[in-house]
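This report goes through several parts of one protein model. Please keep the sequence and the 3D view open while reading.

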Amino acid sequence: MFAEVILPLALPKRSYTYRIPDDLLDAVRPGVRVEVPFGKNKLYSGIVDSLQPTQPEYRVRDINAVLDEVAVVNPQQLQLWDWIASYYCCSLGEVMAAALPGHLKLTSETRLVENPAYGDDFTELDSEEYLLAEALHLQHEINIDDARKILNKKTIFPVVQRLLNKGVLFLREDLQQKFKPRTTVAVRLAEPYRSAPELLQEAFKTIQKFDRQTEVLMAFTLLSRQQSFVRKKELLDKAQASDSSLQSLVKKAILETYEREVSRLPGYDEGFEEAGKLNDQQVTALSAIQKTFAEKQVALLHGVTGSGKTRVYIELIRETLLQGGQVLYLLPEIALTTQIVGRLQRVFGADIAVYHSKINYNERVEVWKSAAAGKPVILGARSGLFLPFQNLRLIIVDEEHDSSFKQFDPAPRYNARDSAVYLAHIYQAKVLLGTATPSLESYHNVQTGKYGLAEMSERFGEGELPAVELLDLRPYYKAKQMQGLFSPPLLEAMKKCLENGEQVILFQNRRGYSPILECQLCSWTAMCKHCEVSLTYHQHNHKLRCHYCGYVEETPSVCPACGSGKVSLLGFGTEKIEDELKIFLPEAKVARLDMDTAGSKSGLTAILQSFEEKQVDILVGTGMVTKGLDFENVGLVGVIRADSMLKFPDFRAGERSFQLLTQVAGRAGRKNNRGKVIIQALDPKHPILQEVLQYDFQGFLQREMHERHDFSYPPFFRLIYITVEHKDLATAQRAAAFIGRHLREQFGDRLLGPVVPSIPRLRGLFGQSMMLKLEKSNPIIHAAKDTLHRLSDHTNAQKGWGQVKISINVDPM
């Protein structure tokens, strides 16, 4: 017997044939992992796709070992892999590499790391396991080849897998920071007062001479009657007391402080608990979705920010669970999973599992197995698509418009939203797309009758959409009234907001301090050594950094070209806004939310927690602040320079700008007050800004659709971007011309390019770009993808072009 094995590599063939040794015949079956040789000395764990009795005409190698007793990949997953590889023009091995978590992808390059928590008691291990564990205990980290030498045998993946399962070791790629729940410092009664509250009278008597301590204890008593737990900061604010008064009560064993796990949005959660019943708008939306599901596979829920879409999701999840089905709840950002999981756990308890790239090895194994065993609700980022579901009945794609659902590099460059629709087709499940700002593709599918539509045009409860004010900056610049980056009305609005005890969010879609360092004398500009882009100045470490490849260099005080000391910074980012706030609002506590401050999970958690607990007055952020984060005390949202987003040379610039500005405006006045949004711009009459000002989605939709139709862009045409890269410019140009010539012969004027891209050199590689604009005709699209597959292989086979990198991006975002 022979097995077709899929390998986690970018290879031209779908799978490779291996002979099954007689002693493994009973163990090899589709979906299990096997250890196989590939190339001269490399070993990989591959997935068995199928079995066949026919030997190929060429000599085949043997399978070394079987790593699983039961299949780790089911037929539905393989069907999804095949579709993604075909639709997004990549190899099945690239899809496998993206789909499987690290612990299921052992290779000869894998590094093994000791788990110190296991200890040094290896008495429960067999002899081979013991040898490897002992070696790891002494060396702390080894690779697979080292392990092979230690055991003096070729086939060691089964031993490594057993040690992984027993928790003796980790894989290096699995050692990522664990996604921890958010905690806050809370206060409670110490024993015996907690068990016998009637004794509290005695406690009051013991502290009656200490007014401050009495006020703290009285404030605690009052707060504890009103809510389930008492935050330390809330207690001190209520009592108007210092921390020392509380510590005195702790020393007297009357109160005690402790770390309590909380959802990031307790205010919102408490509101949700009260809203047990659906309001009329939610009932109408739910009914429309259910009616759609009776006739169609996909429904779009278009609800303004704060309209209570999550409450509708919960009702649909309930119905699905009652029917014995599983639910996949997809979010575009890992940060949002921690925000919403607490809210869902209040309703569904232990029925929820969270899956994304930042959870640790043990959690990933557990979620993978639990999905296969029928875990009711899986919540996660785009990688959640690849789990082995047992009975998937509903997929919810929240913030469906978000470009984070699209994988950019490496391949597969798939869109999780569109792939979710195909996954639902495989399982005969339903899909709900939810957003306040639908993508044009999704809304076009509604208009053509492919998707159903449910709308929620009002905020939940008595909440109103914030008032939007569009400020023309030109008169203020002309009259020299600008105070740094802030117009007088914005600065005044911030002061008033802070005086009222409310918080402010400021949005600027660029991180760093300044994007350009330039000599005023000779026009020298600090450029990246590996990319054709200017280096961004970061004030916190006084360094210049490339935001594309990560290159860093020191900031020169004089021009390296002419020796002049007249080097100046041009433009601004979030760091400069933060810096200027310290000048104009010195009393305000300011925090920054961008990739520099929130690159790690702990950094993100700390910033969001401090802002939610009102330890921060003003939050300055990039697009991260638009991602559905809800804070009840935000009275003002300011957009520092809206024009910058509208100037990108991209047909989606208008759509992205409308979505970003609408979403960031939705952060204001989320619960108890209306809130205000001030948008600063140099061109306030721009149609996008006028549509944001009026909350005019339909006007935006009609105008943008008309332009897209006239210029042959999605959703009326399909796009495929082709990028050709090489370290030598002439080679990249010749290879791109070769591909372009063949494509133009077949597709004529549908091909644009090759041209030099907006960034000519990236990460040391010179680029050439092409774009195919294709009618929505399956024969033409399939022909284009087949031709691109063939041309890629043919190009790399040419002499001297083996290292040419060809990237194919279907449906770019």
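## A covered strand

In this predicted model, strand E12, residues 298-303, is mostly covered, with six of its six residues buried. Which residues lie on each face of E12? Val298, Leu300 and His302 are on one side, Ala299, Leu301 and Gly303 are on the other, and all of these are buried.

E12 is paired with two strands. Five bridges connect E12 with strand E17 (residues 430-435), and the two run parallel. Strand E18 (residues 452-456) is also joined to E12 by five bridges, again in parallel. Leu301 can be followed in both pairings: its bridge partner is Gly434 in E17 and Ala454 in E18.

## The sheet around E12

Strands of a sheet pair through backbone hydrogen bonds, in either a parallel or an antiparallel way. E12 belongs to an open sheet of seven strands with parallel pairing, in the order E14-E15-E13-E16-E17-E12-E18. Which strands stand at the edges? They are E14 (352-355) and E18; each has a single partner strand, so one side of each has no neighbour in the sheet. From one strand to the next, the twist averages 20°.

Elsewhere in the order, strand E13 (residues 326-330) and strand E15 (residues 377-380) run parallel and are joined by four bridges. Leu330 has Gly380 in E15 as its bridge partner.

## An enclosed helix

Why is helix H16, residues 440-447, described as largely enclosed by the rest of the structure? The reason is that seven of its eight residues are buried. These are Leu440, Glu441, Ser442, Tyr443, His444, Asn445 and Val446.

The buried residues of H16 pack against the strands E12, E17 and E18. They also pack against three helices: H15 (416-427), H22 (653-665) and H24 (697-710). Just after H16 comes Gly449, which has a positive phi of about 85°.

Helix H1 (residues 75-87) and helix H2 (residues 92-99) have axes that come within 9 Å and cross at roughly 125°. Angles of 65 to 115 degrees count as roughly perpendicular and those over 145 as roughly antiparallel, so H1 is oblique to H2. The crossing of H1 past H2 is right-handed.

Which residues make the contact? From H1 they are Trp81, Asp82, Ile84 and Ala85, and from H2 they are Leu92, Val95, Met96 and Ala99.

## Antiparallel strands

Strand E30, residues 717-726, runs antiparallel to strand E33, residues 765-775, and ten bridges join the two. One of the residues involved is Phe717, whose bridge partner in E33 is Glu775.

E30 is also joined to strand E34 (residues 805-810), by six bridges, and this pair runs antiparallel too. Here Ile720 stands opposite Val810 of E34.

## A buried serine in a loop

Ser15 is found in the loop between strand E1 (2-6) and strand E2 (16-19). Is Ser15 buried or exposed? Its relative accessibility is 9%, and because buried means under 20%, Ser15 counts as buried.

The side chain of Ser15 has a polar contact of 2.9 Å with the side chain of Glu4. Apart from neighbours within four places in sequence, Ser15 is in contact with Glu4, Val5 and Ile6.

Definitions and conventions
Residues numbered from 1 in each chain as written. Predicted model: local features only at pLDDT ≥ 70, side-chain atom pairs only at ≥ 80, totals over all residues. Heavy atoms only, no water. Buried < 20%, exposed > 50% of the residue type's maximum accessible area, 1.4 Å probe, protein only. Polar contact = N/O pair within 3.5 Å; in protein donor to acceptor, adjacent residues only side chain to side chain. Contact = heavy atoms within 4.5 Å. Pairing = 2+ DSSP bridges. Axes fitted to C-alpha atoms, helices over the stretch in contact; angles between N-to-C directions. Parallel < 35°, antiparallel > 145°, perpendicular 65-115°, else oblique. Left-handed = near helix turned anticlockwise from the far one by under 90°.
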